[in-house]
Amino acid sequence: MKTNRIVIAILLIVASFITTSAKALYKDAKQPIERRVENLLSQMTLEEKIGQLNQISYYEDAKFFEEIKSQVGIGQIGSLLNMNTADRVNAVQKQAMEKSRLGIPLLIARDIIHGYKTIFPIPLGQAATFDADIVEQGARIAAIEASSDGIRWKFSPMVDISRDPRWGRIAESAGEDVHLAEVMGSAMVRGYQGKNYSDPTSIAACTKHFFGYGAAEGGRDYNSTNIPMRQMHNVYLAPFEEACKDGSLTYMSSFNDNDGIPASGNKYTLTDVLRGMWGFKGFVVSDWNSIGEMVTHGFAADEKEAAMKAINAGLDMEMVTGSYVKYLKELISEGKVDINTVDNAVKNVLRVKFQLGLFENPYVVTPQTVKYSAVNLEVARKAAVESTILLKNDNEVLPLHSNVKRVLLTGPLANTPFEQMGTWTFDGDKAKTVSILKGLQDKYGKDIEITFEPGLAYSRDKSTDGITKAVEAAKNVDLIIAAVGEEAILSGEAHCMADLNLVGAQSQLIEELSKTGKPLVLIVMAGRPLTIGEQVAQSSAVLYSFHPGTMGGAALADILMGKEVPSGKTPVTFPKMVGQIPIYYSHNNSGRPATRKETLINDIPVEAGQTSLGCTSFMLDAGFDPLFPFGYGLSYGKFEYANLALDKTDYGVNDIINVTATLTNSGNREGTEVAQLYVQDKVGSIIRPVKELKSFQRVTLKQGESRQITFALPVSELAFYGIDMKKTVELGDFNLWVGGSSEARMSKEFRVKTNQ
Ligand code: GLC
């Protein structure tokens with residue numbers, strides 16, 4: 001009898017040991033992640049599951065902090081947005097790890113769009129570098145800096161294709177081109193997440209805004225989009241698919257509806273495409289209250305229906321609305337939401353938390369000293385150099401010649417540390433920003449005498465009193481540098497413009513300065529391409545630096561003085577006037593393409609005959625061409641292309657097209673060129689664009705140096721979704737160009753002949 005009792009006792013101890021160790025399996029980092037996910041999920045209550053799908057935005061307040069802590073203690077919160085101090089994060093993580101029943105760490109998130117403390121050029125400026133490596137370096141630095149404040153998830157990269165500069169968020173994008181957006185988005189994903197996701201400086205990327213947000217009708221933010229299926233897959237989804245291949249751990253749904261379906265309730269894209277076609281295993285977070293806004297859209301009668309439509313469409317985590325916490329339990333009991341749907345969403349969130357190593361490392365380990373380190377600032381300066389586009393340089397007025405001793409620096413953007421950082425800069429410190437004035441004074445104050453007369457107090461300033469003083473000062477100098485453009489607030493979310501001319505009295509300032517007859521160097525800082533044709537004509541040289549970030553002024557000073565050579569290329573087409581929008585290089589040919597020899601409005605004879613002007617696709621008052629095409633940018637070197645050759649003329653679908661060309665720097669200084677390769681599929685089951693960028697490379701050549709450059713383009717890169725909505729390479733004839741912009745002329749033809 002006694003033996004039995006001992007045996008039973010031993011069995012009970014063993015059983016409880018097995019149960020305990022089974023229960024604790026999810027805490028064992030040696031276990032496979034999927035086993036840990038399943039083990040943890042099996043122990044969670046429905047409330048705890050729903051809590052993981054709930055993201056709250058934090059604001060600093062002692063009472064609110066206590067409230068957050070108590071909700072964390074009962075597992076009601078899965079993620080916090082906008083908590084960004086190490087002590088607060090450590091405190092809430094301690095509450096989650098030690099007080100909550102299962103000890104599930106929080107995922108701390110922040111909008112870090114182009115740098116955390118060290119601010120890099122806005123993403124549109126980073127795209128102008130055509131340099132994936134510098135962009136990846138910047139993303140890595142942002143991740144390291146952010147992790148020192150406990151942030152392990154950032155809402156970037158934004159890969160919305162944007163062909164409408166009226167839209168304020170073009171500033172956050174990589175511009176108009178699919179391939180460039182793919183390259184830039186993937187570089188950021190790699191930079192943020194690093195090679196080892198569980199490294200304490202690895203930050204989960206959040207590729208956004210899924211999807212089509214940049215096609216907002218009229219360039220007005222949050223407006224509807226009407227993207228048909230093939231264009232959806234061939235253009236707007238492509239950079240998101242690329243980010244998935246590069247392992248983006250999360251996505252964010254967008255505010256817009258497409259063809260009447262809000263992205264946060266679109267089952268086709270959130271589930272059929274993202275998971276079914278692309279095999280995505282991470283999780284999707286809604287944009288700010290975008291679930292609740294489905295009621296405003298008229299897609300849901302109330303928040304309960306919005307919660308149902310969102311979770312059933314495949315929207316995993318809810319940002320700030322709170323409808324999941326309020327209604328999911330009820331919806332499950334009413335049979336409107338299946339518990340398996342909730343379980344899948346929770347598994348997606350837990351999987352990312354395990355991948356980030358948060359269960360093992362929930363607390364901050366990165367030292368505060370990483371912020372604004374000399375290395376970080378130098379990478380930011382280099383990125384700002386490469387993001388600057390030389391649009392004009394008459395008589396090689398730049399770099400400044402040795403006989404230029406006295407310079408007037410003027411314009412409302414010449415000494416504006418805050419504006420220079422650009423949109424979505426929550427954590428950058430303007431006191432750390434090097435403005436153009438500071439950049440010139442610090443490094444070149446002994447070489448040139450700088451007179452600073454802003455002319456205008458800020459970009460929208462309409463008072464012209466300061467212009468007189470600037471023009472007066474211009475009389476005593478050898479050359480004028482005028483920095484104009486946009487304050488940061490004029491671009492970014494909800495900041496759309498119907499007119500892209502310079503705001504305030506900036507045009508008058510430039511006009512008055514040009515009348516002085518002194519060489520005028522124009523620098524433009526903006527969140528978008530502006531219609532600056534008049535000012536370009538009035539200037540000898542033009543540098544476009546978008547909003548170049550913390551080290552922008554140092555970079556511009558180095559370019560002006562010749563220490564650095566500009567190499568940026570336009571990541572988006574610059575329209576002559578707003579009426580040309582949308583205008584982008586990879587357009588369809590139409591049945592009546594412009595000849596570019598059309599009679600324009602000032603040359604039309606009075607009583608001209610109805611069809612005398614020809615019937616082609618152009619604008620009477622603007623012609624066809626933009627102010628500057630996509631991929632355009634000058635350098636201090638002069639680059640010439642020759643000897644374009646392909647290794648074959650006929651290819652199979654599995655071949656590589658080997659392309660060679662000779663690039664020569666015939667200028668009188670070393671320079672860097674972005675050599676670009678474009679392709680046209682001449683005939684398809686659906687019409688294909690007149691040109692598509694398929695590859696690019698940065699090439700640095702010494703004065704007089706020639707080099708053979710090579711491209712290896714897999715024929716598979718020519719695949720697209722055709723008439724049958726299948727992604728294939730269609731046999732037929734192609735054109736191929738290599739050159740320094742989307743207006744490249746040097747071309748060859750080839751054929752894809754076989755399906756091998
Ligand atoms: C904003 C933006 C999104 C951002 C989010 C969190 O409205 O649309 O890009 O990440 O809300 O701040």
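Predicted model: local features only at pLDDT ≥ 70, side-chain atom pairs only at ≥ 80, totals over all residues.

**Ground rules**

I began with what a cavity is: on a 1 Å grid over the protein atoms alone, it is a set of points where a 1.4 Å probe fits but cannot get out, and lining residues have an atom within 4 Å of a point. Grid points are joined across faces, edges and corners, and the volume is the space filled by probe spheres set on the points. Residues are numbered from 1 along each chain as its sequence is written, and side-chain values use heavy atoms, with hydrogens and water left out.

**Cavities**

I looked up the count for cavities of 30 Å³ or more, and it is 4. I found 15 residues lining the largest cavity, with Gly 150, Arg 152, Pro 362, Tyr 363 and Val 364 nearest its centre.

Next I sorted linings by type. Ala, Val, Leu, Ile, Met, Phe, Trp, Tyr, Cys and Pro count as nonpolar, Asp, Glu, Lys and Arg as charged, and the others, Gly among them, as polar. The lining of the largest cavity splits into 9 nonpolar, 5 polar and 1 charged.

The second largest cavity has a volume of about 50 Å³. Its lining includes Ile 113, His 114, Phe 120, Lys 154 and Tyr 192. I sorted this lining too: 7 nonpolar, 4 polar and 1 charged.

Which helix gives the most to that lining? It is H7, with 4 residues. Helix H7 (132-147) and H8 each supply at least two. For the labels, helices (H or I, at least four residues) and strands (E, at least two) are DSSP runs, numbered from the N terminus.

I checked for cis peptide bonds. The bond from Ser 156 to Pro 157 is cis, with omega near 10°. Pro 157 sits in the loop between strand S4 (153-154) and helix H8 (178-193). The bond from Phe 210 to Phe 211 is also cis, with omega near 10°. I placed Phe 211 in the loop between strand S5 (206-210) and helix H9 (229-236).

Then I turned to phi. Tyr 372 has a phi near 55°, a positive value in a residue other than glycine. I found Tyr 372 in the loop between helix H15 (339-355) and helix H16 (374-387). Is Tyr 372 buried or exposed? The cut-offs are under 20% relative accessible area for buried, over 50% for exposed, and partly exposed in between (1.4 Å probe, protein chains only). Tyr 372 is buried because its relative accessible area is 14%.

Arg 596 is not a glycine, yet its phi is positive, about 65°. Its loop runs between helix H22 (552-560) and strand S17 (639-646). At 46% relative accessible area, Arg 596 is partly exposed.

**Salt bridges**

Side chains of opposite charge can pair when their charged atoms come close. The rule I used: a side-chain nitrogen of Lys or Arg within 4 Å of a carboxyl oxygen of Asp or Glu. The structure holds 49 of these salt bridges.

I picked three. Glu 378 bridges to Arg 381, with the closest N and O atoms 2.9 Å apart. Both lie in helix H16, 3 residues apart, about one turn of the helix. Glu 378 is partly exposed at 37%, whereas Arg 381 is buried at 9%.

Lys 446 and Asp 447 meet at 3.9 Å, N to O. Lys 446 counts as exposed because its relative accessibility is 71%. Asp 447 is partly exposed at 36%.

Glu 705 bridges to Arg 707, with the closest N and O atoms 3.0 Å apart. Glu 705 is partly exposed at 25%, and so is Arg 707 at 34%. I also traced a network: salt bridges that share partners join Glu 378, Arg 381, Lys 443, Asp 558 and Glu 564.

Technical notes. 1 Å grid on protein atoms, 1.4 Å probe; cavity = no way out; pocket = protein on both sides within 12 Å on 5 of 7 lines; lining within 4 Å.
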